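Look along the chain from start to end. Then follow the paragraphs below, which move from a helix to its surface and on to some aromatic rings.

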Amino acid sequence: PVQMSAALAARRVLAAASHSGNEGGAKTWKILTIVLALPGVSVCMANAYMKAQAHSHDQLEFVPYSHLRIRTKKFPWGDGNHSLFHNPHTNPLPDGYESSHH
């Protein structure tokens with residue numbers, strides 16, 4: 001019993017010390033968020049925007065490789081030939097692109 005109460009007292013002291021010694025933790029994280037995280041996100045967004053502006057939006061030439069776009073059974077939606085997230089500009093069907101312009 002004496003040993004158990006000493007362990008309990010030690011836990012209480014350590015718990016109280018951890019609460020009182022950690023007062024600046026939230027302030028530190030707030031400063032780090034404002035100084036590092038927000039500018040970092042802004043730089044990443046600017047980089048993505050500039051790369052998207054420089055990217056060519058031309059459609060690639062269709063090459064009917066026999067090992068690509070194999071349909072062993074129809075998709076259970078639509079006409080069965082289009083994938084769930086089909087983009088007619090970037091995803092060709094087995095016989096080619098749907099349209100030549102976007």
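The bend at a residue is the angle between two fitted axes, one for the seven residues ending there and one for the seven starting there. Helices are DSSP runs of H or I with at least four residues, numbered from the N terminus. With those terms in hand, look at α2. Helix α2 has a kink of about 40°, centred on T33.

This is a predicted model, so local features need pLDDT of at least 70 and side-chain atom pairs count only at pLDDT 80 or more, while totals for chains, interfaces and linings use all residues. Residues are numbered from 1 along each chain as its sequence is written, and side-chain values use heavy atoms, with hydrogens and water left out.

How far apart are the end C-alpha atoms of helix α2? They are 42 Å apart. The helix runs over residues 25-54, which is 30 residues, and at 1.5 Å a residue it should span 44 Å, so the two values agree. The expected span is 1.5 Å times one less than the number of residues.

Now the surface. W29, I31, L32, I34, V35, L36 and L38 make a nonpolar patch of about 730 Å². Nonpolar side chains (Val, Leu, Ile, Met, Phe, Trp, Tyr) are joined within 5 Å, like charges within 9 Å. Areas come from the Shrake-Rupley method with a 1.4 Å probe, and for residues only the protein chains shown count as cover. One patch member, L32, is found in helix α2. L32 has 35% relative accessibility, so it counts as partly exposed. Buried means under 20%, exposed over 50%, and partly exposed in between.

Next, the rings. A pair of aromatic rings is described by the distance of the centres and the angle of the planes. Rings of Phe, Tyr and Trp (its six-membered ring) pair if their centres lie within 6.5 Å; planes under 30 degrees apart are stacked, over 60 edge-to-face, the rest tilted. The structure holds two such pairs. The ring centres of F62 and Y97 are 6.3 Å apart and the planes stand at 75°, so this pair is edge-to-face. F62 and Y97 are 35 residues apart, both in the segment after α2, and the pair links distant parts of the chain. The rings of F75 and W77 have centres 5.3 Å apart and planes at 15°, so that pair is stacked.

Notes
Helices (H or I, at least four residues) and strands (E, at least two) are DSSP runs, numbered from the N terminus. Patches are made of residues with over 30% relative accessible area and no salt bridge: like charges are joined within 9 Å, nonpolar side chains (Val, Leu, Ile, Met, Phe, Trp, Tyr) within 5 Å. A salt bridge is a side-chain nitrogen of Lys or Arg within 4 Å of a carboxyl oxygen of Asp or Glu. Buried means under 20% relative accessible area, exposed over 50%, partly exposed in between (1.4 Å probe, protein chains only).
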